[in-house]
Amino acid sequence: MTESTDPQARALADAKAAILEGRTSLGIEFGSTRIKACLVGDDPTVVLAVGSHEWENRFEGRVWTYSLDDVWTGLQAAYADLAADLRRRYDVTPSTFGAIGVSAMMHGYLAFDANDELLVPFRTWRNTSTGPAAAELSEQFGVNIPLRWSIAHLHQAILDEEPHVGQLDFVTTLAGYVHWRLTGRKVLGVGDASGMFPIDSTTNDYDSSLLEVYGRLVAQRAPGVHLTELLPAVLPAGRAAGELTPEGAALLDPSGALQPGAPLCPPEGDAGTGMVATGSVAPRTGNVSAGTSIFAMVVLERPLEHAHHELDLVTTPAGDPVAMVHCNNGASELAAWAGMFAEFAGAAGLSVDNDTVFEVLLRQALDGEADAGGLLAYNHLAGEPIAGLTEGRPLFVRTPDSRLTLANFMRAQVYGVYGTLSLGMRVLASEGVELDRMLAHGGIFRTAGVAQGFLAGALDAPVAVGETASEGGAWGIAVLASYLSSAAEIDLAGYLDERVFASAEFDTVDPEPADVAGFAAFLDRYRSGLAVEAAAVDAL
């Protein structure tokens, strides 16, 4: 059979031509534990290659941080892994791309002086040391300012009279920092910017009235701090955000094969790329992203009536208002338990890879009692504002009359991933917010039907998972990069509906009544048991 009539050979030849001609879009996302690279072709639903690099945050000086050296060595390793995947699949080495996008964990604090030198170690979203600042800003602004927002970190530095405040020249997020180094432009996508400072969705820019409020608030304390000069410029999805410079190309690919000139889309946060990866950017849609953290994004039809400390008001990458329930702690504790069971298997002389261990344990959870047999699992490795915890204390708790089985234990661990999220989602429901669909993505959903079904029970709503669930935000930012060439003719919601998800297949699971009732009983115990968590923080 010749290449012209063999569909597989023809697809391979088309992909190779797209790579050589630069008709591709590269997405790079800095997650909490992994940096991922994802390359798509003319059709953004077709993933041509992937690459990744594992990294981990550090707890140094009571601050959760990553070193900037690790940012660049990790980025280069992920890109090299993608380039190696391209050589294996297509026997090509890319020299350019049609577009590039950078995404990363939202929020946090990267502060630079006029010489572009980092003033203090990167303070990530995971830090909860900004309580006084967040409380004062929430009161002054009349909207909830979470502990992890960039403005909370900046204001806490001012309250604490940190010496570096007088040297500030630029403040940004991780995605904004990487984009700046690749392009020379200090810009940020509106979704990521909405985790720095409140956004006015009518202007797709920082809320001007609140900028004035803040200016008056710090006029005496920090007269040199002017947010309009410190914060990156805001851009909605589809807007040109610079080109890869020669210096940027060398940073991304030290081998020298990659040439400068590729356009970049606005850098975005992981919340925004999660919305894109699940096609959830229109009102009455929502998504849950589960990883090291877990959060739900619900695109609003109307403003909320009240401010709630459990809810952030952010935006989609196009600038539409979103209610966000963000939990600092996601599936890391579940993964730690899976790792211990993998150790046990090894000690017993069994050769079982981690993915298999994880799948076996999750499937065991299906046999657990609907309320997890009276067991309680808390996944709080870090502080959790919604739960009222300033520091993390992962706990497994049971009463003498609870039923301790492997199935109940694993169901409790999965329920624990959703515990704090469910507290926030119930607040959203009290505002009368309704959803037409909730989509989920993240590695925990790779085992079909388990975590997805339990989430449906926790939310008492259907939950859909698409084919790209495990690719997540790296694919989402690749799609945003590909949108650059179409933004003049179609809005982002239309682009996703008509050109990305038109023929996409979703596996939808409806909530089982027994799971709804069982999780509700678990959550009642979970809420009461938070007193145990608080006591553990005080004691240890």
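A residue is called buried here if its relative accessible area is under 20%, exposed if over 50% and partly exposed in between (1.4 Å probe, protein chains only). The model is predicted, with local features needing pLDDT of at least 70 and side-chain atom pairs counted only at pLDDT 80 or more, while totals for chains, interfaces and linings use all residues. Residues are numbered from 1 along each chain as its sequence is written, and side-chain values use heavy atoms, leaving out hydrogens and water.

Let us turn to the aromatic rings. Rings of Phe, Tyr and Trp (its six-membered ring) pair if their centres lie within 6.5 Å, and planes under 30 degrees apart count as stacked, over 60 as edge-to-face and the rest as tilted. This rule gives 25 aromatic pairs. One of them joins F141 and F197 edge-to-face, at 5.5 Å centre to centre with 70° between the planes. Because F141 belongs to helix 3 (residues 131-141) and F197 to the loop between helix 6 (190-193) and strand 10 (199-200), the pair ties together parts that are 56 residues apart in sequence; helices (H or I, at least four residues) and strands (E, at least two) are DSSP runs, numbered from the N terminus. Both F141 and F197 are buried.

Y415 and F522 also pair edge-to-face, with 5.1 Å centre to centre and 65° between the planes. Here helix 13 (residues 406-430), which holds Y415, is linked to helix 17 (residues 513-539), which holds F522, across 107 residues. Y415 is buried at 0% relative accessibility, and F522 is buried with a relative accessible area of 0%. Ring pairs gather Y415 and F522 into a cluster with Y378, F454, F519 and Y526.
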